[in-house]
Structure formats: C-alpha cells, structure tokens
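Subject: Model handover and notes

Hello,

Here is the model for you to look over. My notes follow below it.

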Amino acid sequence: MESISAFEIIKIGIGPSSSHTMGPWRAAGLFLKELEAAGAVRSLSVELYGSLAKTGRGHGTDVAILMGLAGEDYTRIDPETIPAKVERIKSEGWLPLGGGRAVPFVYERDLRFNRSVTLPGHANGMIFRAVLEDGRELERTYYSLGGGFVAPEGQTAATQRIVTPYPCHSGADLARNCRLLGLSVAELTYLNEQAWRSRAEIDRQALYLWQEIRACVFRGVNRRGYLPGGLQVKRRAGEINAKLLGGAGYKNEAEWLDLLRRQPRDFATVNKWISCFALAVNEENASFGRIVTAPTNGAAGVVPAVLMYAWCFLYGFDEEQVIRFLLTAGEIGTLFKKNATISAAMGGCQAEIGVSSAMAAAGLAEVLGGSPEQVLQAAEIAMEHHLGLTCDPVGGLVQIPCIERNSMGAIKAITAANIALESDPSAARVSLDTVIKTMWETAQDMSSRYKETAEGGLAMHIPVSVPEC
C-alpha cells in the first residue's frame with residue numbers, strides 16, 4: 001500500500017465539490033497534457049457518467065471540465081472570472097485548449113451527461129475523446145475518487161508513489177510506531193512527511209494552508225446575499241459575525257482576528273462562533289470560491305472551524321500548534337482514504353463530514369496534549385457518530401443539507417476530542433480501525449440513492465426550481 005502525504009488530504013481547492021469540480025478539473029488537465037504531446041486537435045468531446053452526470057451541473061462539473069481543458073489552474077485562478085470565461089466558450093462555440101489554439105466545442109453537443117449509465121471503475125467516471133488533425137483518435141477514461149484525487153482507468157490513483165520511513169496504513173500502525181519511537185502523532189507525521197519535503201517546507205506548507213483558511217473564513221463572514229444555483233439559500237455567516245461582534249468595526253483580517261480573541265468565552269458564544277466559521281467556509285465553497293479541501297469540499301468547513309476555535313479561544317495556541325493540528329488531521333485522513341473512501345458518491349456523507357470530523361477531533365486532541373491512543377480514540381468517537389450519514393444534496397447543489405452539516409461536524413469533533421482526553425483509551429471497546437472498516441461496510445450496503453445522486457432523502461422532498469442536474 002502506498003503512502004499518502006497529509007498535504008494530499010488537506011490542500012488548496014475550489015468549490016463547490018472536490019469530487020465533482022476539482023477532480024474533473026484535474027482530469028481535464030491530465031488529458032490536456034496528453035493532447036499537447038499528441039499534436040493539433042480537430043475536435044473534442046467529453047462524456048460524464050454516474051454521479052458526475054446526475055449532479056454534475058449543480059456541482060459545477062461542466063464548468064470544471066471547460067476550465068481544465070482551457071489550461072486554467074484552480075489553485076491560482078480568480079474565481080470571480082470563471083463565469084465570464086465559461087460563458088464565452090458556450091456562446092462562441094470555441095474552446096481555447098491550454099489557453100492557446102481554439103478548437104470547435106459546442107457545449108450542448110460535446111459535453112454529455114449520461115445519467116443512466118455508471119462506469120465500472122467508480123461512481124464518478126468520465127471519458128475524454130479527441131480527433132487529431134492527422135485523423136488519429138485519442139480516448140481516455142478517468143475516475144474522480146473524492147477529495148480531488150483522480151485516477152486514469154486501471155490505476156488506483158494518479159499520485160507519486162513514495163514509501164515513508166515508518167508507514168502508517170492503519171490506526172494500529174500509527175499507535176505502534178508512536179510507541180516504538182516515543183513520538184506523538186504530529187511528531188511521527190513530521191518524520192514521515194520528510195519523504196516528500198524538508199521540515200522547513202512542511203512548516204511553510206502548513207502555515208500557507210492556515211493563511212488560506214483564515215482568508216477564506218474572513219471572506220465568508222464579510223459577504224451577504226444569496227448563494228448561486230437557484231435554491232435561494234441565504235448566506236448566514238456575515239449576519240452571525242456582525243451580531244456577535246455587536247457592531248464593532250475592523251479594517252482587515254488582522255483586526256478582525258484580534259476582536260475574536262477578545263470575545264467572551266462562555267459556551268453559547270463560542271458555540272455560535274464555531275458555527276459561524278463553518279458556515280463561512282462552506283458558503284464560500286458553494287459560491288465557487290477558493291477553499292482548503294479537508295478532505296473534501298463538501299466537508300471543507302469542519303477542520304477550519306475547529307482550528308479557528310482553537311486559535312481564537314484556547315489560551316496559548318500559536319502557529320506551532322497550528323502545524324501540529326494540521327499534520328495530525330491530515331494523517332488521520334489518509335487512513336480513511338487508504339482503507340475506506342472519502343467520496344460521498346461511494347460512501348455517502350459519512351465519508352465526507354464523518355471523515356473531516358474525525359480529522360478535526362484528532363488534531364484538537366493532539367494539540368491539547370492527548371496521547372497517540374487518545375488522538376486515535378478522538379477520531380474514532382467522531383466517526384462513530386457519523387456512521388450511516390447519507391449524501392442527498394437538494395438540487396444537486398452543495399448547499400442543503402451540506403452547509404449546516406459542517407457546523408454539526410465541527411461541534412462533534414470538539415466533543416469527541418474532549419471525551420477522549422477524559423478517557424482511558426485502553427478501556428475503549430471500539431478502535432479507529434474497526435470504525436473505518438464499519439464505515440466502508442456501511443457504504444457498500446447503502447443505496448446509491450443516498451450517494452450524491454440527488455435521488456433520495458431530502459433531495460426528493462424539497463421542491464426546487466434549479467436546472468435539471
């Protein structure tokens with residue numbers, strides 16, 4: 001089993017969906033590289049299958065495909081420019097491959113949503129086809145595996161294969177290596193991460209992610225109005241932020257954070273702020289904004305909300321603690337990725353909110369001084385109480401019930417960490433490995449109607465007027 005970096009689990013992304021937006025965007029980029037090596041292109045088409053076809057329009061899969069083929073980088077593009085770029089392609093019927101030579105591309109004809117067919121490799125499948133000027137044809141099938149991971153047909157993942165000094169493919173591995181070396185979970189993760197990058201680079205990457213998390217939350221609490229997509233979901237983070245601050249003004253993010261750290265620390269106030277942080281991130285995500293995927297976009301508010309809670313309301317919390325939190329959270333996320341799934345299309349929302357809550361619980365337990373066993377127990381408790389959670393996005397949009405679920409996942413994570421820290425892990429009856437195995441078994445038993453298809457649950461009982469997904 002290959003090792004996965006914590007920074008593959010927690011990384012820069014763009015809304016609204018890691019599996020339906022980021023994954024297809026990356027797949028389009030992979031196909032673009034092949035086209036650039038193959039020669040001039042005469043025509044191009046893309047077909048989407050399974051969950052990508054059923055909820056792709058609501059999740060922006062079509063937009064992602066167009067932007068990826070146009071050579072745009074979702075980690076750098078200004079999200080505000082995306083609608084105009086897409087509209088130009090649709091209206092003119094030409095797609096600038098890699099930002100260069102344009103090829104004919106009629107949106108209604110060349111991008112097809114095959115709602116009744118699912119490819120055998122994964123629920124999120126897509127096929128890219130091109131005819132070259134010399135008459136040759138090029139066809140590639142890709143699968144979006146969740147969390148922005150993409151695999152060409154026949155592969156498990158398009159990632160760099162690296163073996164770490166102390167591989168941790170299970171919770172038992174993690175605990176055993178920590179005991180062997182006398183290290184905390186964060187310290188062990190530091191050691192293994194150096195298979196990819198230096199310790200200084202690890203710190204820089206973690207703090208860069210922290211910078212992006214703060215920026216995302218700050219954008220979210222300073223925007224009002226309604227989310228795009230037609231459901232008329234009202235943004236709430238901005239109003240909550242203003243109400244909690246009682247009219248206090250600020251000029252920038254630094255002043256806002258200073259105000260937060262001087263807020264009352266009673267339970268009700270802190271609880272409201274945690275919800276505010278989570279809502280802010282996922283309202284940005286729903287608006288095609290830049291977010292930090294952790295481990296997916298639909299669950300991107302949980303880890304930031306718990307980390308912001310620690311930064312604002314725990315005494316003595318500093319950047320060193322931020323790094324330890326993110327490394328621990330990311331390492332726990334790899335266990336779910338390797339042994340189950342982080343894709344809602346494969347496992348329901350337990351694979352997204354459940355995993356993110358487990359990650360956040362572990363990160364918080366780590367920085368609060370928990371032993372490796374307590375860190376694992378925190379993750380287990382958080383996931384145990386998300387087992388069976390379905391994914392039933394109304395209108396195929398990452399809004400209802402997705403946004404509020406991030407607040408609930410964050411609160412559960414904090415509760416799980418606190419329970420674990422007050423418990424004797426040697427007396428625990430359920431291990432993290434057991435709950436991961438159970439989550440995967442539950443995912444396999446779950447009806448496809450509850451796996452990001454918008455064919456069951458709330459999606460079937462709330463009237464919508466959005467375009468067909």
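Leaving aside its neighbours within four places in sequence, which residues is T164 in contact with? They are S3, N192, A195 and W196, where contact means heavy atoms within 4.5 Å. T164 sits in the loop between strand 8 (149–152) and helix 7 (171–181). T164 is buried, at 7% relative accessible area. The cut-offs: buried is under 20% relative accessible area, exposed is over 50%, and partly exposed is in between (1.4 Å probe, protein chains only). The side chains of T164 and S3 are joined by a polar contact of 3.3 Å. That term means a pair of N or O atoms within 3.5 Å; within protein, one must be able to donate a hydrogen and the other to accept it, and residues adjacent in sequence count only if both atoms are side-chain atoms.

Ground rules. This is a predicted model, with local features needing pLDDT of at least 70 and side-chain atom pairs counting only at pLDDT 80 or more, while totals for chains, interfaces and linings use all residues. Residues are numbered from 1 along each chain as its sequence is written, and side-chain values use heavy atoms, with hydrogens and water left out.

The whole chain

The chain has 19 helices and nine strands. The radius of gyration is 22 Å, close to the 23 Å from the globule rule for 469 residues, so the chain is as compact as a globular protein of that length. The radius is taken over C-alpha atoms, and the rule is 2.2 Å times the number of residues to the power 0.38. Helices (H or I, at least four residues) and strands (E, at least two) are DSSP runs, numbered from the N terminus. Of the 469 residues, 59% count as buried. Of the contacts with a separation of 6 or more, 75% come from residues 24 or more positions apart.

The UniProt annotation "domain: Serine dehydratase beta chain", from an unreviewed entry, covers residues 5–153. UniProt positions are in the numbering used here, feature names are shortened, and annotations may be inferred rather than shown by experiment. Over residues 5–153 the chain is 39% helix and 32% strand.

Helix 3 (residues 51–59) is mostly covered, with eight of its nine residues buried. Its cover includes helix 2 (18–38), strand 2 (41–50) and helix 15 (344–347). Just after helix 3, G60 takes a positive phi of about 80°.

In helix 10 (residues 237–245), the buried residues are A237, G238, N241, L244 and L245. They lie on the same side of helix 10, because they cover an arc of only 140° around the axis. The arc is that of the directions from the helix axis to the C-beta atoms. These buried residues pack against helix 9 (199–220), helix 11 (253–261) and helix 12 (267–286). Just after helix 10, G246 has a positive phi of about 60°.

Backbone points to check

Most residues other than glycine have a negative phi, and most peptide bonds are trans. Q232 is not a glycine, yet has a positive phi of about 60°. Q232 is exposed, at 52% relative accessible area. F288, also not a glycine, has a positive phi of about 65°. F288 is buried, at 17%.

The peptide bond from G15 to P16 is cis, with omega near 5°. The bond from I400 to P401 is cis too, with omega near 0°. P401 lies in the loop between helix 17 (372–384) and helix 18 (402–421).

Best wishes
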